[in-house]
Amino acid sequence: GGPARSARAPPTQQWPTWLSFGKSGFRVEGSLRGRGTFPVGFSCGCFRFVILSREHLALLLGFVVGWIVLWLEWRDGKGHGLRKRDLMHNSTVIQVLLIEMSVILLLFRFEDIDVVQQLSRQVEELTAANEKIKAQHEEMTESWSRVQDLAEMWQHRTIPRLDLQNELHNKLEDDIGVLIVHLAAVNDVLDNLERRYGPVETWQDGGRFPLEEKQKFSAGVAAVCQHAQLPHMIAGIHTISVS
């Protein structure tokens, strides 16, 4: 085969797409993306231009104002003959011309700059959305942690206590003699047990009871409830492990 041809770079865009010439009528096209204010298209007979953003509009206005300043300087200098103001006048004109050239360059390359600005805004929006999601995640985690604590407390504290009291009540209710003999002892062991497993706060998040201790407590209560005789239940309550 012949010598390898060097890859040709794609032609770069020389003319901005926001400005075009040709018969286009007179109309305002409104937002071209269907949302927000910009971009907005204007057709003015033989040419059409699109304002891409607020920054683009500011550059266009600055470009127009610059030519107005040049015209005013020219008119003022012409009226006074430029005798004593030549140096100051020329300096002002040169500065305005340099600014106008800079604005023209910016306008020609504005689409590239505007893409960068849009990407920067999108990055900021995504960062803000990410922070919002993180905050929501932390809030949901905290909320579910409270729900889990409540479920664990209900499962390992409330229900076992209700079961124990129900079994003790049934045993006392079955025999009036047992009730007379053991009622005081039952009240004493229940008071002692309640002091040992502490208030509700110790069973919630940050309390002194880890899940393993909660499970051990509920298992101990369940074992006591299996005893058929009330004296055995009273003795078993003393052995329930509460850290």
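How many helices and strands are there in the protein chain? There are six helices and two strands.

**Figure 1. The whole chain, as a predicted model.** Start here to get your bearings. Read along the sequence, the pattern goes β-β-α-α-α-α-α-α. Helices (H or I, at least four residues) and strands (E, at least two) are DSSP runs, numbered from the N terminus. Residues are numbered from 1 along each chain as its sequence is written, and side-chain values use heavy atoms, with hydrogens and water left out. Since the model is predicted, local features need pLDDT of at least 70 and side-chain atom pairs count only at pLDDT 80 or more, while totals for chains, interfaces and linings use all residues. Of the chain's 243 residues, 27% count as buried; buried means under 20% relative accessible area, exposed means over 50%, and partly exposed is in between (1.4 Å probe, protein chains only). Take contacts between residues at least 6 apart in sequence: 56% of them join residues at least 24 apart. Contact here means heavy atoms within 4.5 Å.

Figure 2. The score is pLDDT, the predictor's confidence in each residue, from 0 to 100. Confidence is lowest in strand 1 (residues 19-31), at a mean of 72, and highest in helix 5 (residues 211-225), at 88. What about residues 1-11? There pLDDT stays under 50, and the model has zero contacts beyond four places in sequence for them. Where pLDDT is low, the predicted coordinates should not be read in detail.

**Figure 3. The second largest pocket and its lining.** This pocket has a volume of about 220 Å³. To find such spaces, a 1 Å grid is laid over the protein atoms alone; a pocket is an open set of points where a 1.4 Å probe fits, with protein on both sides within 12 Å along at least five of seven lines, and lining residues have an atom within 4 Å of a point. Grid points are joined across faces, edges and corners, and the volume is the space filled by probe spheres set on the points. The lining has 13 residues, with Trp18, Leu19, Leu60, Phe63 and Leu107 nearest the centre. Helix 1 (54-80) and helix 2 (86-108) each supply at least two lining residues, and helix 1 gives the most, with five. By class, the lining has 13 nonpolar, no polar and no charged residues. For this count, Ala, Val, Leu, Ile, Met, Phe, Trp, Tyr, Cys and Pro are nonpolar, Asp, Glu, Lys and Arg are charged, and the others, Gly among them, are polar.

**Figure 4. Leu107 and Leu57, two leucines to zoom in on.** Leu107 sits in helix 2 and is buried because its relative accessible area is 5%. Leaving aside neighbours within four places in sequence, Leu107 is in contact with Pro16, Trp18, His56, Leu59, Leu60 and Phe63. Its C-alpha atom is 10.0 Å from that of Leu19, 88 residues away along the chain. Leu57 belongs to helix 1 and, at 30% relative accessibility, counts as partly exposed. With neighbours within four places set aside, Leu57 is in contact with Phe38 and Ile51.

**Figure 5. The largest nonpolar core.** A nonpolar core is a set of buried Ala, Val, Leu, Ile, Met, Phe, Trp, Tyr and Cys residues joined through side-chain atoms within 4.5 Å. The largest has 19 residues, and those with the most contacts inside it are Leu164, Leu168, Leu193, Phe217, Ile237 and Ile240. Helix 3 (110-174), helix 4 (176-197), helix 5 and helix 6 each give two or more residues to this core. A second, separate core of 13 residues includes Trp18, Val40, Ile51 and Phe110.

**Figure 6. Lys171 and Glu152, two residues of helix 3.** Are these two buried or exposed? Lys171 counts as buried at 17% relative accessibility, and Glu152 counts as buried at 12%. Not counting residues up to four places away in sequence, Lys171 touches Val178, His227, Ala228, Gln229, Leu230 and Met233. With its neighbours within four places left aside, Glu152 is in contact with Arg157, Leu211 and Lys214.
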